[in-house]
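This briefing covers one protein chain, from a single residue up to the whole fold. Please look over the sequence and structure before reading the points.

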Amino acid sequence: MRTFYLKNWFVLSLPLVVALAWLVPELGASGGWLQSQVTTKVGVAIIFFFQGLTIPTSALHHGLKNWRLHLIVQLFIFGLFPLLGMVFDHLAGDYMPRDLRLGFLFLSVLPSTISTSPVLTSMAGGNTVGAIFNAVLSNLLGIVLTPLWASWLMKTSGHKRPLGPVIAEVVLYLFVPLLIGQVARLRLHALADARRKILGNMNSGLVLFIVFAAFCNSVKTHVWRMHGWGVTLGAMAGVLVLFGVATALAELLAWAFRLNRGDQIVAVFAGPHKTLASGVPMAKVIFEQHPGLGLILLPIMFYHPLQLFVCGMMAHRMARKHGQEGGSPNAHEAGKK
């Protein structure tokens with residue numbers, strides 16, 4: 001049990017911080033003891049500084065030649081998936097609270113996971129270098145594209161927030177810390193790579209704190225009392241549908257473009273995956289002190305463990321099928337880069 005918890009502590013801690021927010025909402029609400037209106041923004045800046053410090057941008061140089069794969073994956077992440085999100089909103093949006101609808105739209109415009117999709121690709125015997133390239137590229141593009149998509153979707157769904165302040169906060173809390181981290185990496189790359197797990201755990205802890213603060217505000221403003229627990233079941237059902245359709249669509253797209261097996265695996269794992277680690281701090285910046293932030297975060301909080309569980313089983317099945325349980329041959333070299 002201890003080993004299992006240490007391996008999955010972040011996912012297992014998500015419901016715990018939500019429960020804590022229900023018990024002591026004054027602790028993490030805006031103006032409360034932890035002064036979350038300030039400390040969460042500091043946490044966002046630290047998260048993106050650590051990301052800049054640990055992102056292996058050298059992978060962009062090593063994987064640049066396979067432009068066809070990268071174009072397909074990035075168009076899926078920031079083009080096809082957002083369109084899928086809008087179709088889902090058109091079909092099911094009338095049955096959900098406005099903030100939950102916004103949460104699904106926000107989920108659809110997030111970048112891919114920066115670590116999980118390359119790891120799963122390696123496990124399945126796919127093109128690990130291509131997976132690393134697309135994970136890094138999507139997170140760099142997401143600094144710009146996700147806030148722009150989210151701002152436009154907020155307007156179309158009736159949520160009004162001027163674009164100027166959103167861009168200013170994205171630059172201040174996301175782009176500048178990321179850039180500083182990348183500059184620091186020039187000298188500290190060996191130290192950052194050696195402490196990657198520690199930095200990752202610190203990032204995860206900060207994400208948990210932001211989730212805690214968001215739910216404290218939601219509880220204090222009685223958001224959950226207004227909507228009831230049916231909204232949670234609705235969010236779970238919506239996530240199952242969206243993830244299933246997105247994964248099937250990624251497989252179909254990889255087959256239609258006749259990608260080789262290694263690149264097909266990249267498309268299936270990198271395309272439908274959405275990042276919780278960057279998504280939560282991005283939501284904090286984009287939606288500011290929105291009282292319904294807890295509802296907005298609900299889809300990505302359900303989506304994250306679902307993609308880990310399902311895609312983990314898919315990766316093991318692919319590896320067994322091709323006799324490559326140890327991962328792809330280039331996994332070790334890609335890890336170095």
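In this predicted model, S278 makes contact with F48, Q51 and N139, leaving out residues up to four places away in sequence. S278 lies in helix α14, which covers residues 276–286.

**Burial of S278**
- The relative accessible area of S278 is 1%.
- S278 counts as buried because this value is under the 20% cut-off.

**Nonpolar cores**
- The largest nonpolar core holds 77 residues.
- Within this core, F106, L174, V211, F269 and F287 touch the most other members.
- Helix α15, spanning residues 293–321, gives the most to this core, with 13 residues.

**Contacts of V211**
- V211 is in contact with L14, V17, V18, V280 and M301 when its neighbours within four places in sequence are set aside.
- V211 is also one of the residues that touch the most other members of the largest nonpolar core.

**Whole chain**
- The chain has 16 helices and 0 strands.
- Of its 337 residues, 53% are buried.
- Among contacts with a separation of 6 or more, 86% are between residues 24 or more positions apart.
- The chain has an accessible surface of about 15600 Å².
- Carbon and sulfur atoms account for 70% of that surface.

Key: Residues numbered from 1 in each chain as written. Predicted model: local features only at pLDDT ≥ 70, side-chain atom pairs only at ≥ 80, totals over all residues. Heavy atoms only, no water. Helix = DSSP H or I, 4+ residues; strand = E, 2+ residues; numbered from the N terminus. Buried < 20%, exposed > 50% of the residue type's maximum accessible area, 1.4 Å probe, protein only. Contact = heavy atoms within 4.5 Å. Core = buried A, V, L, I, M, F, W, Y, C linked by side-chain atoms within 4.5 Å. Areas by Shrake-Rupley, 256 points an atom, 1.4 Å probe, with all protein chains shown as cover.
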